[in-house]
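Colleague: I have a few questions about how the terms are applied here. Could you go through them with me?

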Amino acid sequence: IYLREDQQEDVQAYTAETITFSGGTTQDPKAGDKKAAQDDKMDVDVTKAAAPTKSVKFNLRIHRAAHVAFVDFGGRSDVRSIHTILGHLKPSKVILVHGSEACTEELHKFCADLVTDPDSTYSPAVGTSVMASSDTNIYKVKLASDLAKSLQFVSVGGYDVAYLDALVEMASEDSTVAQGGKTQQLPSLALKKTTVAGGQSWKPFAYIGEVKLSDFKEVLKKEGFKTELKAGMLMVNGTVVVRKVGTQVVFEGTMSDDYFAVKKMLLSQYHTL
């Protein structure tokens, strides 16, 4: 820009005023921008610090809907476990102590019906004495030779079991044994012959052993039967039901080929004497 000499003084004065107002110089124009940015940053920081805050503290009562339950982990058995244990043990006598009245009455009824008998089940009150011992007489007898030869032993659970049907004969001279330096006459067991029409001997069948429904289910599945174990009952092909009541096995169903086939397989699981 070319100015006349009389205009240069006015232009320089105007430029000086402008530079003083902006805070910079004509040689460093970026200085004004840096300062403006710093001023803006200060304004932002001041704005943040000046934001109003308030801390409020109060107590609130909350209604809690809960149920407190007692779970007994004292090592005691439940009803099902006690029934199973007593069913396997089959004690000759049962004495029930240390229990509530309702539980004792229920267990007393179970033992009297399925474990022992009412005369051998006791639930005495506090302070009542019960004779727990039992008098058992043990006698020694001598087996007759023909009886010993007729016995047919079957191995059941590690024991040799045989069916015996004999008569006790009073001691004779042939049944004397020496014991402790003394002779003692023993009664003998003689073979009892049971005959039916036609002169043939007869004896009743005895089934020895225990059948578990879960094991019998696997046996039936291998033979192609459709089985379902539900609520303690074994359903076979939808027509035959096998269930256990205490120590007894109950067999139910309609007369059909499946009925007789399943019954035959069930009886084969036992040892016969």
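Colleague: What volume does the largest pocket have?

Modeller: About 820 Å³. This is a predicted model: local features need pLDDT of at least 70, side-chain atom pairs count only at pLDDT 80 or more, and totals for chains, interfaces and linings use all residues. Residues are numbered from 1 along each chain as its sequence is written, and side-chain values use heavy atoms, without hydrogens and water.

Colleague: What makes a space a pocket?

Modeller: On a 1 Å grid over the protein atoms alone, a pocket is an open set of points with protein on both sides within 12 Å along at least five of seven lines. In a cavity, a 1.4 Å probe fits but cannot get out. The volume is the space filled by probe spheres set on the points, which are joined across faces, edges and corners.

Colleague: Which residues line the largest pocket closest to its centre?

Modeller: Thr84, His88, Glu210, Lys244 and Gly246, out of 21 lining residues. Lining means having an atom within 4 Å of a point. Helix α3 (79–89) gives the most, with five residues. Helices (H or I, at least four residues) and strands (E, at least two) are DSSP runs, numbered from the N terminus.

Colleague: Why is serine 133 called partly exposed?

Modeller: Its relative accessible area is 46%. Buried means under 20%, exposed over 50%, and partly exposed in between (1.4 Å probe, protein chains only). Serine 133 has 46%, so it is partly exposed. Serine 133 sits in the loop between β2 (121–122) and β3.

Colleague: How do you know that β6 and β9 pair?

Modeller: Two strands pair if DSSP finds at least two bridges between them. β6 and β9 (residues 188–191) have four, in the antiparallel sense. Four meets the cut-off of at least two, so they pair. The open sheet has the order β3-β9-β6, and its edge strands are β3 (142–143) and β6 (166–169).

Colleague: What makes a set of residues a nonpolar core?

Modeller: They are buried Ala, Val, Leu, Ile, Met, Phe, Trp, Tyr and Cys residues, joined through side-chain atoms within 4.5 Å. The largest such core has 15 residues, of which Phe216, Leu220, Val242 and Val262 touch the most other members. Helix α7 (257–267) gives the most to this core, with four residues. Apart from it lies another core of seven residues, including Val94 and Leu96.
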